[in-house]
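Please look over the sequence and the structure shown here before reading the report.

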Amino acid sequence: MTHPPDACPECDLLLRPSRPIVGEKIVCPRCGYLLHSPREQSVERVLALSVAGLILAGPANFLPLIGITFLGNSHEGTLWAGTAGLFAEGFWLVAALVFLSSIFVPLLNISLAFLISLHLHFNRPHHLLAHWMRWLQHLEEWAMLEVYMLGIIVACVKLSDTADVQLGFGLYAFVALLLVNVMLTGSLDGYLFWQRIAELRRKLHGQG
Amino acid sequence: MGKAERGALAQGLVRCHACGHLAKLRRARHCPVCGGALHARRPHSLQHTLALLISSYALYIPANIFPIMTVNQFGVIERHTIIGGIFALVEKDMAPIAALVFIASIMVPLLKLLGLSALLLNVRLRWQRHPQWWMRMYRLIVFVGRWSMLDIFMISILVAVVDLSGGVSQVIAGPAATAFAAVVVLTMLAAKSLDPRLIWDKQNKL
């Protein structure tokens, strides 16, 4: 199969079509953009990781991340309570942003990755596949689990000065969700996914 | 080298922003492969970036002078600005964490504002030098953008955790939190609306 010509998305340099083998990396000769880095069994890995992510999302959101004990009083905080607390204090704009970047977008991304990889794995065409993939590409940078993790660490250090800090079970689920998300992003071969989506699209229109 | 270095647009080809398909210019408004909208370059890229950047500069001021967090302990109310929070960490001998917060909350937003301004000038005035260098700066700005949310997330966790009964201890967000969050989001959007291909276009005198 021949590959169509290609252009670098960040500097528009026309490139000769190339499809490296698994493990190789192709960068744009002019601006250094990473053009292709094929992964082994990309679709299957994304499917498996997204299932793991969907399972972890519940405990990561609703089980306590950290708890404090201060003068005999103790209190635990969940990811969800962080958003709800800001909302209750009247900072609805900040609350919405925290909700989107730490809860909603990561979950939406994992759900989209699940839907796309499920259809690709079973060769099922769907008229929304391209839409899902575009949304996934647009939303990727608005999922900020790793930044939230750093926020948890800084908060723990600040609190450890005045109170006893305990790590909750939700924190382990959150770290696992974060790792799944990072691995999912790394396993998703955009070039391959778009190629498969285009094939299924032709199949859909051929039948219809 | 000369011919091989030409951009796709100079050859009458438009790359679909979503799926990467190369389509002939003016042949179609939507990508034949994925159905996404086709644009040679992001429409009104410089105008959008400039508008978002001006808003960010304006919000950067209240973000830094108003308190971002209020701590209420036994009825004693302490207000912290972004800088104040960093000094408090230094005083408690937590210099590494203070450095981390300083980088995420002060240096990164400032770098983004100044860097994006310089990039805008570069593209607008068609400075003909070192596109690789400008590209590296553009990528750095895109990469670091999200990490400024550190302070906002930290406050959200403190709000959730420090809520002890009987007014023993409570953390409330401050007015600067909204302004600071807006600066982070607007600069991220500004970086996203700046089409990096414009940095290279002037090389071909399009």
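## Basis of the model

This is a predicted model, in which local features need pLDDT of at least 70 and side-chain atom pairs count only at pLDDT 80 or more, whereas totals for chains, interfaces and linings use all residues. Residues are numbered from 1 along each chain as its sequence is written, while chains are lettered from A and ligands numbered from 1 in the order in which they are written.

Chain B contains 7 helices and 6 strands, where helices (H or I, at least four residues) and strands (E, at least two) are DSSP runs numbered from the N terminus. Along the sequence, these elements of chain B follow the pattern β-β-α-β-β-α-α-α-α-β-β-α-α. Along the principal axes, the C-alpha atoms of chain B fill a box of roughly 70 × 35 × 25 Å.

The domain assignment, whose bounds come from an automatic or database source, gives chain B a domain 1 (1-40) and a domain 2 (44-204), with their C-alpha centres 34 Å apart. For chain A, the division is into domain 1 (1-38) and domain 2 (40-207), and 29 Å separate the C-alpha centres of these two domains.

## Strands of chain A

Strand 5 (residues 66-70) of chain A runs antiparallel to strand 6 (residues 73-77) of chain A, to which 5 bridges join it; two strands pair if DSSP finds at least two bridges between them. Strands 5 and 6 of chain A form a hairpin with 2 residues between them, and A:Leu71 in the turn has a positive phi of about 50 degrees.

Strand 5 of chain A is also joined by 4 bridges to strand 7 (residues 164-167) of chain A, again in an antiparallel arrangement. A:Ile66 has A:Gly77 as its bridge partner in strand 6 of chain A and A:Leu167 as its bridge partner in strand 7 of chain A.

## Contact between the chains

The contact, which counts residues whose C-beta atoms, placed from the backbone, lie within 7 Å, takes 50 residues from chain A and 51 residues from chain B. On the side of chain A that touches chain B, helix 5 of chain A gives the most, with 8 residues.

## The largest nonpolar core

A nonpolar core is a set of buried Ala, Val, Leu, Ile, Met, Phe, Trp, Tyr and Cys residues joined through C-beta atoms within 7 Å, and a residue is buried if 20 or more other C-beta atoms lie within 10 Å of its own, exposed if 12 or fewer, and partly exposed in between, with C-beta atoms placed from the backbone. The largest such core has 116 residues, of which A:Val94, B:Ala177 and B:Phe180 touch the most other members. Helix 6 (residues 175-193) of chain B supplies the largest share of this core, 13 residues.

Leaving aside neighbours within four places in sequence, A:Val94 is in contact with A:Leu86, B:Ile152, B:Ala173, B:Ala177, B:Thr178 and B:Ala181.

Key. Contact = placed C-beta atoms within 7 Å.
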